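Subject: Structure for you to look at

Hello,

Here is the structure I promised to pass on. Could you open it and follow along with the notes below?

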Amino acid sequence: MIEKRKTSIIILTYNNLVYNQICIDSIRKYTKENTYEIIVVDNNSTDGTREWLKEQKDIVAILNDENVGFPKGCNIGIAASGKKNDILFLNNDTVVTPRWLDNLKACIYSNDKVGATASITNNCSNYQSVSVPYIDVKDMIPFAEANNISNSDKWEEKVRLVAFCMLIKRDVLNKIGIMDERFTPGNFEDDDLCMRIIEAGYKMMLCNDSFIHHFGSSSFSKDYIKFSNVLSTNRKKLEDKWGFNSNVGSTVKFDIIERINEPKDKQLNILEFDCGLGATLLKLKYKYPNAKIYGIETNDCIARLGKKMLELMTDDFEGNYSMSFEKDKSNFFDYIILGNRLQQSKDPWTLLNEVKRFLKPGGYIIATIPNVMHHSVIKELLSGSFMYNKTSILDRSDNKFFTLTDVYKIFDECGYTNPFIFHYYTELTPEDDKLLNNICSIVGKDMKGYFLSYEYVAKFQKSL
């Protein structure tokens with residue numbers, strides 16, 4: 001199946017002749033012959049790209065008379081592809097490497113439920129980039145050679161993939177449809193595609209065993225104001241279509257993940273409140289393959305998709321303080337991730353007491369809590385304002401506010417032990433440092449540290 005089904009590699013070009021040549025040369029060098037076709041859709045380049053494409057005998061070149069944007073350009077490429085071929089979207093500012101496509105295909109055909117795969121790179125959003133040892137792309141291949149050894153342990157389920165290098169099964173594309181051209185000229189069309197893949201019941205995998213280089217100098221970024229406007233407009237279009245912000249729904253909370261340190265093969269039961277699409281839980285599942293993951297998500301639009309990927313409860317726990325999963329989950333969870341729920345709760349004391357019933361003896365609860373004593377909050381108060389703006393560490397959904405002393409106190413009152421509280425700081429400006437020194441001249445110099453942390457990540461344990 002993997003060997004017989006060809007891949008149509010669809011590349012959009014708009015000038016950048018040198019990048020185009022480097023990209024296509026790398027495909028020729030590092031991709032097995034007779035397993036692929038290259039389809040280049042040119043959006044009316046004026047730098048010699050079109051003339052060069054006409055000379056290439058192994059490329060299906062489609063030369064548009066205008067710049068039709070990314071989604072429509074991709075659709076034109078799909079229409080020109082072999083009807084049974086899988087589709088791979090590839091940015092023209094990439095350099096592929098040995099076994100890049102073989103490993104993507106090995107993953108996508110490992111399970112009928114895998115609908116799309118993507119490579120890792122040196123330059124990408126959505127946590128798809130890795131640190132690399134090389135400075136010059138000429139020195140990349142030894143690193144890629146060592147990395148690109150097919151290994152199913154390096155296949156990571158994701159809630160979305162960036163289409164800089166994204167392989168989709170033809171059968172899946174036939175079910176979900178092509179790119180949505182409402183997102184012209186580009187951005188968020190791949191998020192939309194990913195949501196449709198999830199909706200259809202398929203998984204998306206990031207192949208950490210397939211590395212390619214990405215220069216990352218897209219034509220969008222050359223006009224930052226225009227790019228920013230398009231980004232804002234298309235983000236709104238996606239929210240209108242699906243009912244939520246895809247960036248927020250797919251955030252991986254590394255401040256939480258870093259607080260969980262267990263043997264890799266340990267069997268864990270992990271629950272996350274307000275889990276979004278499950279990005280953090282899936283990251284934990286990748287880190288701990290034997291873990292069972294559960295989520296609570298009360299946003300109906302998000303939960304509709306989230307249910308496709310993990311066991312999800314949509315009832316608000318604080319409605320009746322029960323779990324509506326299939327089985328009784330009392331004394332079941334090794335970790336319960338409260339996230340921001342503590343400060344959003346109308347009664348955080350009752351919440352902490354009730355949620356403790358579902359923790360195993362010795363299990364942990366983890367909460368992220370903004371520090372109401374942070375100097376930015378104090379500065380606003382001293383200026384006569386407690387209204388939250390876009391830069392505030394506080395949120396309009398907060399019902400309760402905590403200092404460091406309060407955090408220790410509430411967990412202690414609710415019977416938790418073994419406290420670990422991690423502090424997150426931002427660098428002080430000279431102006432803010434002067435303000436704090438003036439405040440501390442009144443309340444005491446030893447109080448300065450209490451004003452520095454903008455967030456606490458509190459990890460407490462249920463008694464054994």
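The second largest pocket has a volume of about 950 Å³. Please keep in mind throughout that this is a predicted model. In all, 35 residues line the second largest pocket, and those nearest its centre are Val 248, Lys 253, Asn 340, Gln 344 and Asp 395. If you colour by secondary structure, you will find that α9 (246–249), β14, α14 (341–344), β15 (359–370) and β17 (453–462) each contribute at least two residues to the lining of this pocket. The biggest share comes from α14, which gives 3 residues. Sorted by class, the lining of the second largest pocket holds 16 polar, 10 nonpolar and 9 charged residues.

Rolling a probe the size of a water molecule over the atoms shows where empty space is left. Searching the whole structure turns up 3 cavities of 30 Å³ or more, and the largest cavity contains about 50 Å³ of space. Which residues line the largest cavity? They are Asn 126, Glu 156, Glu 157, Lys 158, Val 159, Ser 250, Val 252, Ala 279, Leu 282 and Lys 283. Two elements, β7 (155–158) and α11 (279–287), each supply at least two residues of that lining. By class, the lining of the largest cavity divides into 4 charged, 4 nonpolar and 2 polar residues.

Now the chain as a whole. It contains 18 helices and 17 strands. The C-alpha trace spans about 75 × 55 × 45 Å along its principal axes. A compact globule of 464 residues would have a radius of gyration near 23 Å, and the chain's 25 Å agrees with that. Of the 464 residues, 52% count as buried. Among contacts between residues at least 6 apart in sequence, 77% join residues at least 24 apart. The accessible surface comes to about 21300 Å², and carbon and sulfur atoms account for 50% of this surface.

Asp 328 sits in the loop between α13 (317–320) and β14 (333–339). Is Asp 328 buried or exposed? Its relative accessible area is 61%, which is over the 50% cut-off, so Asp 328 counts as exposed. From Asp 328 to Asn 15 the C-alpha to C-alpha distance is 60 Å, and the two are 313 residues apart in sequence.

Glu 431 belongs to helix α18 (residues 430–443). With a relative accessibility of 54%, Glu 431 is exposed as well. Glu 431 and Val 457 lie 26 residues apart in sequence, with 27 Å between their C-alpha atoms.

Happy browsing, and best wishes

Technical notes: Residues numbered from 1 in each chain as written. Predicted model: local features only at pLDDT ≥ 70, side-chain atom pairs only at ≥ 80, totals over all residues. Heavy atoms only, no water. 1 Å grid on protein atoms, 1.4 Å probe; cavity = no way out; pocket = protein on both sides within 12 Å on 5 of 7 lines; lining within 4 Å. Points joined across faces, edges and corners; volume = space filled by probe spheres on them. Helix = DSSP H or I, 4+ residues; strand = E, 2+ residues; numbered from the N terminus. Nonpolar A, V, L, I, M, F, W, Y, C, P; charged D, E, K, R; others polar. Rg over C-alpha atoms; globule rule 2.2 N^0.38 Å. Buried < 20%, exposed > 50% of the residue type's maximum accessible area, 1.4 Å probe, protein only. Contact = heavy atoms within 4.5 Å. Areas by Shrake-Rupley, 256 points an atom, 1.4 Å probe, with all protein chains shown as cover.
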